[in-house]
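Work through the exercises below with the model open. Try each task before reading its solution.

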Amino acid sequence: MSEEPTSESRSDPSPGVTEVRADGGAAGADDVALDPWGSSTVEDYRKLFEQFGIEEFDEVLSEVADPHYLMRRGVIFGHRDYRPVAEAMREGEDAAVLSGFMPTGDPHIGHKMVFDEIIWHQQHGADAYGLIADLEAHAARGLSWDEIDEHTESYLLSLLALGFDPEDGEVYRQSTNRDVQDLGFELGTKANFSELQAIYDFDGETNVSYMQSVVTQMADILYPQLEEPRPTVIPVGPDQDPHMRLARDLAARMRFFKVTEAYASFEADPAERELVAEAYQALGGADADVRCEDAAAWLSEHAEPEGTPVATTVEKLENAGKEPVRPRVRFLDRNATDEAFEALVEAIDGEKRVFEGHVDSFDLSAEAAEDLAREVEVDNGGYGFYPPSSIYHRFMTGLTGGKMSSSVPASHISLLDDPEDGYDKVKSATTGGRETAELQRELGGEADECPVYELYAYLLAQDDDEYTKRVYEECVGGERLCGGCKEEAAELMREFLADHQEKREEAKEVLDGLDVELDSPRT
Ligand code: TRP
Ligand code: SF4
């Protein structure tokens with residue numbers, strides 16, 4: 001996640017256990033700029049679903065075994081392709097989790113959410129990775145190596161203090177991970193400048209190491225799959241979504257084969273394929289011997305020409321003449337060596353037909369074909385990457401009301417804050433309370449607008465849904481007044497910080513025993 005914890009607009013509902021969903025009615029900006037290095041405020045989470053294709057977490061929640069409270073409370077509001085990870089974890093199969101931190105300042109309660117997400121996945125069977133994005137901090141933020149070293153240690157201590165098990169997981173710094181850098185170099189062969197320019201707004205003035213830090217992050221994201229491909233989730237803030245989209249693209253571009261469903265032997269794009277499918281079904285499907293020229297004739301009479309590629313589809317079908325339409329799965333050769341392509345042809349059971357650049361199988365299911373393609377790729381020296389999945393959490397509102405910002409100490413709580421300061425910050429926080437106690441009793445507080453309520457839901461109530469719900473209901477029901485509510489929260493915060501800092505002390509010894517270089521030889 002980014003160094004600057006940003007926040008959603010105050011009109012978004014805060015998470016609670018009652019009725020809290022990320023689609024909440026924010027009257028947000030029309031454009032959501034997702035910029036990993038900016039301080040973009042995510043105005044309206046709903047736009048993320050519409051514009052960028054992030055899916056609602058709600059829809060996979062029931063498939064997650066023993067979901068984390070951040071999932072249950074809608075703090076984790078979105079995902080890309082989380083299903084394979086949830087399934088692997090449910091079935092006790094191989095899965096991984098990885099996230100990275102730019103060591104630009106002290107770790108704060110926003111980072112804690114990500115630490116917790118990594119740890120939860122680790123405790124539920126995933127291989128866990130936490131990395132320090134020191135190359136990125138140096139290249140994109142211009143931090144000196146001394147500053148980076150100091151913060152690196154601090155992030156790792158908090159990660160360990162919160163329960164990361166280093167015996168069963170890996171922590172690393174980008175700068176000392178040779179495998180990551182080599183993988184980044186390989187991935188860089190599949191991305192060009194125009195693309196980075198379009199995604200990140202890079203221009204002629206952007207320093208080259210900055211661009212290198214992007215491919216390094218791509219390598220971080222795919223690193224858990226280096227030994228063996230497996231479903232991997234990257235928990236991040238939505239500002240990191242551009243990185244996820246690029247990583248998913250690059251993962252696909254590295255693949256030897258692309259598996260698609262197909263009709264007849266010619267290559268068709270997805271829209272053309274849909275038209276052929278329609279004609280095929282209309283003419284009797286599997287029960288009839290549908291030929292390409294018949295499908296062409298049917299299509300020219302029946303298809304809605306508007307916006308669909310009828311003309312090109314009809315042409316391709318006519319050229320194929322009497323060839324059967326017959327559905328099949330197709331393996332397109334993308335980056336395969338000749339040996340790998342031959343090995344694939346060899347490995348396909350049942351009826352198959354080999355063409356220039358692709359091979360069609362008539363007996364394999366799409367899923368079996370996908371598995372086979374990956375297996376042959378890995379056996380022949382390829383990576384066989386699964387597209388990495390991601391989950392997205394909401395940003396916390398600043399304690400002073402606006403966005404949480406590292407440059408405004410009163411707006412956020414650092415994990416290194418003196419417990420008394422933490423107490424004081426909560427006591428002086430903005431609330432969703434009414435002007436007077438009478439009004440509060442009469443109308444109830446606005447928990448959905450209250451940074452203090454957020455503290456309960458995101459952190460202080462921990463796993464206790466009943467408690468979270470009670471705070472919410474007492475608040476909106478007018479039984480809870482802000483003074484006492486803040487006192488309670490402030491005490492919990494003081495306790496949390498004291499406890500966390502004690503655990504950080506204990507973690508020092510563990511960290512010393514790990515193979516992480518804390519004094520960078522770089523200057
Ligand atoms: N770019 C991330 C940030 O701004 C840090 C990061 C580097 C990262 N590599 C990563 C995050 C891999 C997730 C996964 O904080
Ligand atoms: Fe916020 Fe608590 Fe006041 Fe409700 S009672 S508005 S939750 S501080």
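Predicted model: local features only at pLDDT ≥ 70, side-chain atom pairs only at ≥ 80, totals over all residues.

Residues are numbered from 1 along each chain as its sequence is written, chains are lettered from A and ligands numbered from 1 in the order in which they are written, and side-chain values use heavy atoms, with hydrogens and water left out.

**Exercise 1. Describe how helix α19 packs against helix α20.**

Step 1: find the geometry. Two packed helices are described by the angle between their axes and the distance between the axes. Helix α19 spans residues 451–460 and helix α20 residues 465–476. Helices (H or I, at least four residues) and strands (E, at least two) are DSSP runs, numbered from the N terminus. The two axes come within 9 Å and cross at roughly 165 degrees. Axes are lines fitted to C-alpha atoms, for helices over the stretch in contact, and angles run from 0 to 180 degrees between N-to-C directions.

Step 2: name the arrangement. The angle makes α19 roughly antiparallel to α20 (over 145 degrees).

Step 3: list the contact (heavy atoms within 4.5 Å). Tyr453, Tyr456 and Ala457 of α19 meet Tyr467, Thr468, Val471 and Tyr472 of α20.

**Exercise 2. Give the strand order of the open sheet of 7 strands, and its edges.**

Step 1: read the order. It is β1-β2-β11-β6-β3-β4-β5, with mixed pairing. Two strands pair if DSSP finds at least two bridges between them.

Step 2: find the edges. β1 (55–56) and β5 (169–173) each pair on one side only.

Step 3: inspect one pair. β2 (residues 76–80) and β11 (residues 389–393) are antiparallel over 4 bridges. His79 has Ile391 of β11 as its bridge partner.

Step 4: α1 (residues 45–52) lies across β1 and β2, at about 10 degrees to β2.

**Exercise 3. Which strands form the edges of the open sheet of 4 strands?**

Step 1: read the order. It is β7-β8-β10-β9, with antiparallel pairing.

Step 2: pick the edges. They are β7 (257–263) and β9 (352–354). The twist averages 20 degrees from one strand to the next.

Step 3: β8 (residues 327–333) and β10 (residues 358–361) share 4 bridges. Arg330 is partnered by Asp360 in β10.

Step 4: place the helix. α16 (residues 366–379) packs on this sheet, touching β7 and β8. Its direction makes about 150 degrees with that of β7.

Key:
Parallel < 35°, antiparallel > 145°, perpendicular 65-115°, else oblique.
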